[in-house]
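Take a look at the chain below. We will walk through it piece by piece, from the whole fold down to single residues.

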Amino acid sequence: MLSHRAVWDGIDALARRHGLSVSALAKLAGLDATAFNVSKRISKDGRERWPSTESIAKVLEATSESFDVFIAGTGAYLQSNDNQPSRSVPLLGLAQAGTGGFFDSAGFPAGQGWDEIALPAPGEGGIYALEVQGDSMEPLYREGDRIVVSPTEQVRRGDRVVVKTNDGEVMAKILHRQTGKQIELHSINLAYPPRILDLADVEWVARIIWASQ
């Protein structure tokens, strides 16, 4: 059973993973900036206040994290799975990713030169990690952050994605719009203009499912 403190610890851990304060996390999810403040966790008469399931769902969607990863941040997953071996996924820098030989035609990791990063929750086959370089996705993803990518997850408008072009460019972006012929990608950092690519020039698109500092 999750305790009151463990649930709030999970929210705090989620904010830290994305380099955000709890106020910034709330705003990212479209909530009131004070929704997760420490002062809101205990009422004036001393009763414990719980975050709503709706607010948790919104922050998970905003950060592209799964509920399993959130539970891991509360400590509940670690407590109930002490005897299970840790999971890891392949890790590669974004700059290396475009040089060729690291992916098969479907976007799955292949070849030599991959490192590894521990995954804090059970994952599906084929997932891998990339290390962020550049500042186009700040403040959500900063240089040096690791993003875990799934080539099998269905991607939808608004998802954080990794895109590889036929020219070997690999980029982390937000999928803003996709038609039968083009794909429009946005950065979080407004200093970077949208990218519009012909689908014929895109090798694959994979969804970001987790991130870590």
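A residue counts as buried when its relative accessible area is under 20%. Tryptophan 8 has a relative accessible area of 4%, so it is buried. Keep that cut-off in mind, because buried means under 20% throughout this text. Keep in mind too that this is a predicted model.

Start with the whole chain. It has 213 residues, and 45% of them count as buried. Six helices and nine strands make up its list of elements.

Return to tryptophan 8. How far apart are the ring centres of tryptophan 8 and phenylalanine 36? The count of aromatic pairs comes to one. In this pair, the rings of tryptophan 8 and phenylalanine 36 have centres 6.2 Å apart, and their planes stand at 70 degrees. Planes over 60 degrees apart count as edge-to-face, so this pair is edge-to-face. Where do the two partners lie? Tryptophan 8 is in helix H1, residues 4–17. Phenylalanine 36 is in the loop between helix H2 (22–28) and helix H3 (53–63). The pair therefore ties together parts that are 28 residues apart in sequence. Phenylalanine 36 is buried as well, at 1% relative accessibility.

Another loop residue deserves a stop. Histidine 18 sits in the loop between H1 and H2. Is histidine 18 buried or exposed? Its relative accessible area is 0%, so histidine 18 is buried. Its side chain makes a polar contact with the side chain of glutamate 65, at 2.6 Å.

Next come the nonpolar cores. The largest one has 22 residues. Among the residues with the most contacts inside it are Phe103, Tyr128, Leu130, Val149 and Val162. Which elements each supply at least two residues of this core? They are helix H6 (94–97), strand E3 (128–131), strand E4 (146–150), strand E6 and strand E9 (202–212). E9 gives the most, with four residues. A second, separate core has 17 residues, including Ala15, Ala26, Phe36 and Leu60. Here phenylalanine 36 turns up again.

Look at E3 and E4 next. The two strands run antiparallel and are joined by four bridges. One of the bridge pairs links glutamate 131 to arginine 146 in E4. E4 is mostly covered, with four of its five residues buried. Now find valine 149, one of the residues with the most contacts inside the largest core. How many residues of E5 are buried? Six of the six residues, 160–165, are buried, so the strand is largely enclosed by the rest of the structure.

E5 has a partner. It pairs with strand E6, residues 170–178, in the antiparallel sense over five bridges. Valine 161 has lysine 173 as its bridge partner in E6. The two strands form a hairpin with four residues between them. In this hairpin, glycine 168 takes a positive phi near 95 degrees.

Follow E6 to leucine 175. Leucine 175 has a relative accessible area of 2%, so it is buried. Setting aside neighbours within four places, leucine 175 is in contact with residues including Val155, Arg156, Val161, Ile183 and Leu185.

Ile183 is the last stop. It belongs to strand E7, residues 182–186. At 0% relative accessibility, isoleucine 183 counts as buried. Its C-alpha and that of leucine 197 are separated by 5.3 Å, while the residues are 14 apart along the chain. Beyond residues up to four places away in sequence, isoleucine 183 touches a set of residues, among them Leu175, Arg177, Ile196, Leu197 and Val205.

How values were computed: Residues are numbered from 1 along each chain as its sequence is written. This is a predicted model: local features need pLDDT of at least 70, side-chain atom pairs count only at pLDDT 80 or more; totals for chains, interfaces and linings use all residues. Side-chain values use heavy atoms; hydrogens and water are left out. Buried means under 20% relative accessible area, exposed over 50%, partly exposed in between (1.4 Å probe, protein chains only). Two strands pair if DSSP finds at least two bridges between them. Rings of Phe, Tyr and Trp (its six-membered ring) pair if their centres lie within 6.5 Å; planes under 30 degrees apart count as stacked, over 60 as edge-to-face and the rest as tilted. Contact means heavy atoms within 4.5 Å. A nonpolar core is a set of buried Ala, Val, Leu, Ile, Met, Phe, Trp, Tyr and Cys residues joined through side-chain atoms within 4.5 Å. A polar contact is a pair of N or O atoms within 3.5 Å; within protein, one must be able to donate a hydrogen and the other to accept it, and residues adjacent in sequence count only if both atoms are side-chain atoms.
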